[in-house]
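Hi everyone, thanks for coming. I'd like to walk you through a structure today, and I'll go one piece at a time. Please have a look at it first.

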Amino acid sequence: MNRDLVSSTPPQRFPRILQRFLRIRTGFLCLMLTLVLTPLMTSHQAAAQQKDEKETPPDPFVVQSIERRARGEWDLLIQECDQVLQAEPTKGAAFVFKGIALNGKGDHDGAIAQFAKVFEQTGRDPITIQNRADAYTNRSTSYYKKGEYLKAIDSAYFALLEKGNHAEAHNNRGVAYLARRQFDKAITSFDRAIGANPKYAAAYSNRGFAYGAKGNFDQVIADQNKALELDPNLAVAYQRRAAAIIAKADTKSDPQKDLDQALTLDPNFTEALCDRALLYSMKGELPRAKADLDLALKIDPNCAKAHLQRGRAYLSQKNYDEAIASFDKAITSKNNDPGAYTSRGYAHQGKRDHEKAIQDFTKAVELDPRLDAAFKGRSESYKKTNKPKEERADLAKLKELHPPPPPKTAAKKPEELPARFMVASKGVAPGKRPEALRSAKEIDRLVGLNYAKYNVTPNPKTSDAQFLRRVYLDITGTVPTYQQTQKFLAATEPDRRTRLIDELLASDGYASHFFNYWADVLRYTDNLNNSVRGEPYRQWIKQSLAENKPWDKLVSEIMTAEGLVWNNPAVGYFQRDANMPLDNMNNTVRIFLGTRIGCAQCHDHPTEHWTQREFYQMAAFTFGTVTSTGGHDTRYWQKNPNDRLHEEYAEIEQEEEDRRQNSYRFDRLMGINMMIVNDQTDRKIRLPKDYKYTDAKPEDLIEPKTVIGFPAEIRTGETPRQAFARWLTSKQNPRFALTIANRLWKQALGTGQIEPVDDILDKSAPENPELMTFLESEIKRLDFDMKEYLRIVFNTEVYQREACAVEVPLGEPYHYPGPNLRRMTAEQAWDSFLTLAVVDPDEYREMPAKMRTEVVGLDLNTISAKKMLDAEFKSAEIDGIQGKRQAKYVYKGTLLARASELPSPVPANHFLRMFGQSDRELISASATVGSVPQVLFMFNGPITHMLLEKNSTIYNNVMRKKSTADRVKVIFLTILNREPDNAELELAKQEVAKSDLAGYGNLIWSLVNTREFLFIQ
Amino acid sequence: MKTLFSKLGPIDRRQFVEYAAKSMLGVSMLPALEQVVTAQTATGGKAKRLIYLFMNGAMTHLDTFDLKPGHVNQGDTKPINTSVAGAQISQFLPNLASQFDKLAVIRSMHTQTADHEAGEYLMRTSYEEIATERHPSLGPWLQQLQGRQNKTLPDTVLISAPARHPGAGFFDPSFSPLPIGDPNRGLENTTAPQYLTDDSFEKRITLINGFDKKFREKFKVKKVQSYTDFYAEATSLLTSGELKAFDLNNEKNEDRDRYGRDSFGQGCLLARRLIENNVRCVEVTCGGWDMHSNIYNGGALPARADIMDRAVGNLLKDLAERGLLEETLVVLTTEFGRSPAINYNAGRDHHPAVFSSLLAGGGIKGGQFYGTSDAAGHSVATDGVEPADFNATIATALGLQRDKIVFSPTGRPFKVAHDGNPIAKLL
């Protein structure tokens, strides 16, 4: 507001003194410091207003007390209260009025003691509640008068907890906020006061004052007008309206009339006298100004405002000694007024006493670090005392406070977007190609054996176009772009397919596509549980896939991970199943060993050999692994951080309401920092209470023991979990290599050698046992190098044959005449749409997890409660930062980013969910069946519309061509990655002939709605 | 599928389940259309359709259906008389009070969990949430046990449901309910761009079929054919009048106002329209019941109760006037109750030990309270009802076979209302 004032040109007829005043931060606040602490309603007065409480007649004591209070007859009131209390020692209203009277006499501590007696009455009847609310409200007045503004705010807050519509409590809270210069909160409080009592003149006036402090003088005037309409005798409203007129430098209105009126209503109104003095001095009527200031000081010899104003008048006359004397008095009357120190600084400067001037300016900027006038004054004094370094610092500060406006002609600098998380991808080794091709041949030989055995005719080899589309979808999860399609179809090298496979395995698309697969298997969610966010884990999975971390290593890291998710993101796996150790073991065996032992969690497995006891033996390996720790843990070498931080938290200066609201967030952040995966050696598993078999008794202790393959050996110094991880990922484990080899085979061919891939039974026979054995031996030979393994599979003839076009009866084994025909997964469909529509669909990436974890990750041994609370506030801003990037990539409410970059899970009505993406609650719960809403999405969804809009990728590709035939070809090559045949070209040409440009739109729309688009042949 | 099952022994059954799991890929839901089961149990079975209203956040029982006048716990809520002599409910529910003869109010619901998510899940599925299985909610159970009913519209529609709704659970994804986020917007993606005329829509469909001919001739397999069926369904939905069922603009403004212009009010109106168009199950969620502070003076409770009262009151009235209430079961429930003692912040906290729910229509005997809570509204006093019992009552009213075991793809056995017992007095 100060700057507004400086920049507005004062009317000529105001003398220069005004300009000087304004420059020395005579803000609006200095003009008007009077606040209205209003008369307060009391219990029966309020009760009488409620019609349904009619049966209670007004309490004569209360009626009389209200009158006494209005007349300020404090001693009488105290006397009467004491009399009433003698007869009725628990009468709450009497304590309230006695407190009010003591407040009136200035005995605020005595008042507080009276109010405390009201709080002892805990009843919930309306009168007791009203008494408590009134006592809290009046106690806020006591605290306010004592200068304890925070306590005043809290006391009003307690009143509002009793009665949410207590208008005076809202008003009192607002007034206390003003004292703390929290103007927005003050305005909200006055709004509520007015909401609770629309005839509350003082609340209007106070709200106007708060708006004035924010520089909105029109609102000051509007609110004072409203206040005066409700109460024409509210002197302070006249004074405030005048102050706003002066501050606005509004020459059309006359502030004098308002000030005169205020003083007529209240001749002892020192603020109004000071304001009128200012006005007189501006008009050059100095004797009158002096008279008003003299009168103000006669009424109140400690009127800081009058002293200050008088001092400034002396200062303008260069009467420095008198000025300093006045400022001294102003400072004595009102401590810590930065404006008074600044003015005194200038007075000292005028006397060339720069040491003292610097002292005063320094004190002023300590009190208000944005006080430009003080910096300016100090820089001048530094200059005069030859302190160039200090002078430069202050001038720099001034520049910082008043940055020059940006030149309008300069090009607007693009707003910087937050960082993106990018994976670093690693491809397959060129040198291993010959052995990969040899292995592919061996697979084809083994597949061929079953062709012969079962009399299967293999499908013909795919065309280049079919292969291209399929391999892009299988490795990168999207159809190729028009350019990629053209490039490959033009290639003539005999090994072009092998090269393409290598190229795609090295691309970032691999990590994106396989992340989608593993997120489905691992039930990845962005909130792994109530306390742990998943992004570090999510990005760790992506990076592990991109850099081709061997599968056994990846799983071993997951299974042995300890600590906090930002220190070791692999703990995300255990955090996902926090507090569900039995389910976790069930999931682990299913995901990594393709075996379901879950039935045995509650009873012996009905069809497999697992017993319930065996399940518990397996679960015993990881039962001691917990996902959080308590404050007593030895890692907290100092005091229990729970205790220490809570003690410190109680000491942080904040409002009670904030303290309560923030305490949840505070505890949560502390909890997040205690989500440490660790192993508790003394935590042992016992059989359930209802254990019903004879081989053990209920609640027997169970020792860890593996029940598949060879026994796991727990070495000295090792946790059972580490032993389990070694056993799990060992090449000797009979199902670890088998499971991953089978899973990846299915990813390429559409059907596993053993189905379902995560429900391998003792009696399960692979379709081709020799082939399965070979595949398993290959993944072992490759030391679980998944990209190398997939390279082999994609190089086989069987993968490169046409997709199977005949129905294989349910339950019949599939002998791989070619890959199975598959519908695109939800993610493949979504990502393919983006490829067609968005110029660079890979541009958007999620935010690096460390941007958040660097803020929320704290050292509980050393962090202070204040810093922790600040960290919590800062973490809330991170979402905003992420939103800033997202906003640039949103089309009709949809974030245009690869499926692997989107939240997990997405909402139920998202394209991905409609097309079968899992809600990530269960392992591998995605689906590829159709539905009507899916088709509606394809017909009319936002992405379909986007395809047809100017500047979509496909639009650009089409418009670059000139002839109809070329344009049709581009459409086919972009959507189906093949050229149209003659009949299709003819049909397309007819359509374009009929509909012209719109015809191309119809072609695009129709082609994305073909089954050919949605299925991977 | 049903008949096939009963012939299979336990081992074969497991194999069949595996086949079924495999066949999840690409089996159209159309064949199930013909199987409409008429099996009925001795009582109940009058209801053909279900409207399930969920008060999300936990509805306070003391301020709605289970008042304790005179008790210190009651707070500011006053009782009012209803259309049934001697029966009183909250002053905030005048519409429901005037139709109390239609309502059966259970005042003795109880559960173990005070966690919203766990409570919602249990109430909707009758099972506790576990990490290894997803249980189906009631609508998909209806479709599972009685076959699909509506050829063009989905059998279950969820209005304003939370994303974590269990939906079809382990059933075939084709059983998935259709989610509607905003009832005012209805079914999304049904409006073609303005430049597209009806004529050009048909032309486009012809183009699709022309370009797709070769592919479909080559791949004559079920998963492709079923997609072609869905395209046909979607096309007929878009061109049929049934789409209008989703469009509230077809309602008169005064009727929309009557239900309340909030999302629950409009959701209930949409539910009525869908039921009229033979959708079998509609669930509408009403959020905002998790009131921990300042419930009376802050106005949150009266406002929320008013939203519920207007919407449900008008829904019942309309269904009755249209003669639909006899065969439409209306259920109103919540995940748990709220603490009888008013807390320091003038609110009520989570309280699973006793709470209230409501049944109406569908052959339910109205005008009665069932079960009681103790004088403080704290615990069950008589005739405790657990979520599974509540769902068993719903299932019985709908004529569902409660003892019918359906195996999940993991081979575990499940029943529509777990092991709950229906409340005979209400049926």
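Let me start with a question: which residues in α26(A) meet which residues in α28(A)? Before I answer, please keep in mind that this is a predicted model.

On the α26(A) side we have Phe467(A), Val471(A), Tyr472(A), Ile475(A) and Thr476(A). Their partners in α28(A) are Arg497(A), Leu500(A), Ile501(A), Leu504(A) and Leu505(A). By class, that contact of α26(A) with α28(A) divides into 8 nonpolar, 1 polar and 1 charged residues. An α-helix has 3.6 residues a turn, so residues three or four places apart point the same way.

Now the geometry. Helix α26 of chain A covers residues 464-476 and helix α28 of chain A covers residues 496-505; their axes come within 10 Å and cross at roughly 25°. Because of that angle, α26(A) is roughly parallel to α28(A). The crossing of α26(A) past α28(A) is right-handed.

Let's move to another pair in chain A. Helix α19 (residues 304-316) and helix α21 (residues 338-350) have axes that come within 10 Å, again with a crossing of roughly 25°. So α19(A) is roughly parallel to α21(A). Which hand does the crossing of α19(A) past α21(A) have, left or right? Here it is left-handed.

From α19(A), the residues in contact are Leu308(A), Gly311(A), Arg312(A) and Leu315(A). They meet Gly339(A), Ala340(A), Ser343(A), Tyr346(A) and Ala347(A) in α21(A). That contact has 5 nonpolar, 3 polar and 1 charged residues.

Among the buried ones are Phe736(A), Ile740(A), Asn742(A), Arg743(A) and Trp745(A). What do the buried residues of α38(A) pack against? The list for chain A is α31, α33, α37, α39 and α40. After α38(A) comes Gly750(A), with a positive phi near 90°.

Last, a quick look at chain B. It has 11 helices and 16 strands, and 50% of its 427 residues count as buried. For contacts in chain B with a separation of 6 or more, 73% come from residues 24 or more positions apart.

Methods. Residues numbered from 1 in each chain as written. Chains lettered and ligands numbered in written order. Predicted model: local features only at pLDDT ≥ 70, side-chain atom pairs only at ≥ 80, totals over all residues. Axes fitted to C-alpha atoms, helices over the stretch in contact; angles between N-to-C directions. Helix = DSSP H or I, 4+ residues; strand = E, 2+ residues; numbered from the N terminus. Parallel < 35°, antiparallel > 145°, perpendicular 65-115°, else oblique. Left-handed = near helix turned anticlockwise from the far one by under 90°. Contact = placed C-beta atoms within 7 Å. Nonpolar A, V, L, I, M, F, W, Y, C, P; charged D, E, K, R; others polar. Buried ≥ 20, exposed ≤ 12 C-beta atoms within 10 Å, placed from the backbone.
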